[in-house]
Amino acid sequence: MPARDLFVSPEHALYIGGVLVPAWLLVNGATITQAERIDWLEYFHIELDSHEVILAEGMPAESFVDCDNRFMFHNGAEFARLYPADTRPAWGFCAPRLEATSAELTAIRAALIERAEALGNRLTDDPDFRLIIDGEVVRAHPVANEVYSFTIPAGSGAIWLASRSAVPAETEASSQDRRRLGVSVKRIVLREAGLRTAIGHAHPSLREGFHADESGHRWTDGMARLPEELLRPFAADVTLELHLIKPGLRYPLVAPAPEAAPTPLQKSPSARCARAIGAG
């Protein structure tokens, strides 16, 4: 289920295992995704005498229930004119409605993730870590587990730490972390003959493409920029060592990881105007 692609709003609930689950809690980045850009979107609701479960493209879903939101629809005033004596209570759900912290949600999400993998949406623990230097992909020299070594040619410009990325709440059934995560950086070391610079994960220069510092590490978002000021003291080729922490994160293999440095447009926040959920 559903029989065809189904689009619902993020808060619209589907009926699964005797409970109502808002669609945004089911997103797994593969078979259930959130559309980021839609040119035109209209919402249509079916309202019955009471809140009920109906079939939408074969998927059990809720009918409309007034959650003090009737007048956000263009025909809300028309309803008030046609049915001035309507006394049905708001927020009257026909089944328990789950929240992000509900215990039942983990099992439901685990089943959906398992089904997505069975349909070919595989996950991997390989971050496919690499550099992108002036638009060219540079692979690491083998060093040791979670230590990556690269050679940066003298005079290089923009340098990006690139990897696969994942939203833990989409790939791990029990996670509520909705950040997009790439790799977890512990330390960065740069070396040239007679010159060495090392910074830790808490260094304030780690900004673009980095999440806030955490205890012992700092996450990238999958495309983080190496601060230019780190390279200024060096005149020749530089050896870059990146010490990572094994993330314990699984990355989707649905689409190839990007192989080009982002433009300012690509790095801007995702458009959330439409906020439609697609369930395929």
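Two strands count as paired if DSSP finds at least two bridges between them, and the strands themselves are DSSP runs of E with at least two residues, while helices are runs of H or I with at least four, all numbered from the N terminus. Before you select anything, note that this is a predicted model, in which local features need pLDDT of at least 70, side-chain atom pairs count only at pLDDT 80 or more, and totals for chains, interfaces and linings use all residues. Residues are numbered from 1 along each chain as its sequence is written, and side-chain values use heavy atoms, with hydrogens and water left out.

**Stop 1**

Select β8, residues 130-133. β8 belongs to an open sheet of four strands, ordered β9-β8-β12-β16 and paired in the antiparallel sense. Which strands stand at the edges? They are β9 (136-138) and β16 (223-225); each has a single partner strand, so one side of each is left without a neighbour in the sheet. From one strand to the next the twist averages 30° (axes are lines fitted to C-alpha atoms, for helices over the stretch in contact, and angles run from 0 to 180 degrees between N-to-C directions).

Three bridges join β8 and β9 in the antiparallel sense. Leucine 131 has valine 138 of β9 as its bridge partner, and isoleucine 133 has glutamate 136. The two strands form a hairpin with two residues between them, and aspartate 134 in the turn has a positive phi of about 50°.

On to β12, residues 159-162, which pairs with β8 in the antiparallel sense over four bridges. Here leucine 131 stands opposite leucine 161.

Show the side chains of β8 next. Arg130 and Ile132 point one way, Leu131 and Ile133 the other way, and all are buried. Buried means under 20% relative accessible area, exposed means over 50%, and partly exposed is in between, with a 1.4 Å probe and protein chains only.

**Stop 2: aromatic rings**

Rings of Phe, Tyr and Trp (its six-membered ring) pair if their centres lie within 6.5 Å; planes under 30 degrees apart are stacked, over 60 edge-to-face, and the rest tilted. The structure holds five such pairs. Pick tryptophan 91 and phenylalanine 93: their edge-to-face pair has 6.4 Å from centre to centre and 85° between the planes. Tryptophan 91 is partly exposed at 49% relative accessible area, and phenylalanine 93 is partly exposed at 27%.

Then jump to phenylalanine 129 and phenylalanine 150, with centres 5.9 Å apart and planes at 75°, so this pair is edge-to-face too. Phenylalanine 129 lies in the loop between β7 (123-124) and β8, and phenylalanine 150 in strand β11 (residues 147-152), so the pair ties together parts that are 21 residues apart in sequence. Both of these phenylalanines are buried.

**Stop 3: charged side chains**

Side chains of opposite charge can pair when their charged atoms come close. A salt bridge here is a side-chain nitrogen of Lys or Arg within 4 Å of a carboxyl oxygen of Asp or Glu, and the count comes to 16.

Select glutamate 62 and arginine 97, whose closest N and O atoms are 3.4 Å apart in a salt bridge. Glutamate 62 is in strand β6 (residues 59-62) and arginine 97 in the loop between α1 (76-82) and α2 (104-118), so the pair ties together parts 35 residues apart in sequence. Is glutamate 62 buried or exposed? Glutamate 62 is buried, at 7% relative accessible area, whereas arginine 97 is partly exposed at 24%.

Next come glutamate 117 and arginine 250, which meet in a salt bridge at 3.5 Å, N to O. Glutamate 117 lies in helix α2 and arginine 250 in the loop between β17 (238-245) and β18 (251-252), so this pair ties together parts 133 residues apart in sequence.
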